[in-house]
Amino acid sequence: IVNNVATNTSTTISSSDSNFGSSIASAKNILAITSGTNVKVYTVTNGTATSVQTIGNVGVSVTMSSDGHWLYIGNDIANKVYSYWTDSVSSPSYSYVGAISQKASAVKTNSNGTKIFIADPSATNVDANNGNVYVYTRTANSFSLTQTLSSQHKNAGARFGTSIDIDGTAGNLFVGIPGSTASGEPNGIVERYTLSSGTYTF
């Protein structure tokens, strides 16, 4: 079982699209896969994947709420994160909701899609490519920026936010910084941020 998507036989999913499989998200019986031209949505039943929808946004990264209702697609060319919602998770058909104007190389959301974490490792705050992670809150169908995070160990080329992940309750945010020199050598580190009173702190 991977993120609640059960497979009991070997399954290979392929596509003629370039860069197919560059980002994957799953929830319930739903699987979303990005390529160089679009995002393909599948349902997985008894190990068999069935294509149910193609969303025409170039997705560098994709994430899905664990209830399967919300899908977010990060596009670092258009500098947007596109949001989609489906009423049914057994037969998903995602409809466009709106966009967040933010460059995104990586994106994550919590269990019900109300928090969206958007990483831009190319952002400049002190030096070039320090990187930032932006925390957005969704209220109904509106999105607001609630926090901007940057590394505790800033150096040029740190690329804070190259990878991000959260735990099941979004109480902890983990940020990969492969270019950090905090250890004295550019070996990279991972920082953990903990949610307290609505704010993530190091």
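This is a guided tour of one protein chain, to be followed in the viewer from the whole chain down to single residues.

**Before starting**

The model is predicted, and local features require pLDDT of at least 70, side-chain atom pairs count only at pLDDT 80 or more, and totals for chains, interfaces and linings use all residues. Residues are numbered from 1 along each chain as its sequence is written, and side-chain values use heavy atoms, with hydrogens and water left out.

**The whole chain**

Display the complete chain in cartoon form. The protein chain has 0 helices and 16 strands; helices (H or I, at least four residues) and strands (E, at least two) are DSSP runs, numbered from the N terminus. Along the principal axes, the C-alpha atoms fill a box of roughly 50 × 35 × 30 Å. The radius of gyration is 17 Å, which agrees with the value near 17 Å for a compact globule of 202 residues; the radius is taken over C-alpha atoms, and the globule rule is 2.2 Å times the number of residues to the power 0.38.

Of the 202 residues, 45% count as buried, where buried means under 20% relative accessible area, exposed over 50%, and partly exposed in between (1.4 Å probe, protein chains only). Among contacts (heavy atoms within 4.5 Å) between residues at least 6 apart in sequence, 40% join residues at least 24 apart.

**Stop 1**

Select residues 39-45 and 48-55. These are strands β3 and β4, which run antiparallel and are joined by 7 bridges; two strands pair if DSSP finds at least two bridges between them. Val 44 stands opposite Ala 49 in β4. The hairpin has 2 residues between the strands, and Asn 46 takes a positive phi near 50°.

**Stop 2: the sheet β5-β6-β7-β8**

Move on to an open sheet of 4 strands in the order β5-β6-β7-β8, with antiparallel pairing. The edges are β5 (61-64) and β8; each has a single partner strand, so one side of each is left without a neighbour in the sheet. Neighbouring strands of this sheet are turned by 20° against each other on average, direction ignored; the axes are lines fitted to C-alpha atoms, for helices over the stretch in contact, and angles run from 0 to 180 degrees between N-to-C directions.

Within the sheet, select β6 (residues 70-75) together with β7: they pair in the antiparallel sense over 6 bridges. Asn 75 stands opposite Lys 80 in β7.

**Stop 3: aromatic rings**

Show the side chains of Phe, Tyr and Trp. Rings of these residues (for Trp, the six-membered ring) pair if their centres lie within 6.5 Å; planes under 30 degrees apart count as stacked, over 60 as edge-to-face and the rest as tilted. By this rule the count comes to 7 aromatic pairs.

Select Tyr 82 and Tyr 96: their ring centres are 6.4 Å apart and their planes at 50°, so the pair is tilted. The two residues are 14 apart in the chain, Tyr 82 in strand β7 (residues 80-85) and Tyr 96 in strand β8 (residues 95-100). Tyr 82 is buried, with a relative accessible area of 14%, whereas Tyr 96 counts as partly exposed at 48%.

The rings of Tyr 84 and Tyr 96 have their centres 5.6 Å apart and their planes at 65°, so the pair is edge-to-face. Tyr 84 in β7 and Tyr 96 in β8 are 12 residues apart, and Tyr 84 is buried at 8%.

Then highlight Trp 70, Tyr 72 and Phe 143, which form one aromatic cluster.

**Stop 4: the sheet β9-β10-β11-β12**

A further open sheet of 4 strands has the order β9-β10-β11-β12, with antiparallel pairing. At the edges stand β9 (106-109) and β12 (142-149), each with a single partner strand, so one side of each lacks a neighbour in the sheet. Its neighbouring strands are turned by 20° against each other on average, direction ignored.

Select β11 (residues 132-139) with β12; 7 bridges join these antiparallel strands. The bridge partner of Val 133 in β12 is Leu 149.

**Stop 5: Thr 109**

Finish at Thr 109, which lies in strand β9. Thr 109 counts as buried at 6% relative accessibility. Leaving aside residues up to four places away in sequence, Thr 109 touches Thr 63, Met 64, Ser 65, Tyr 72, Thr 114, Lys 115, Ile 116 and Ile 166.
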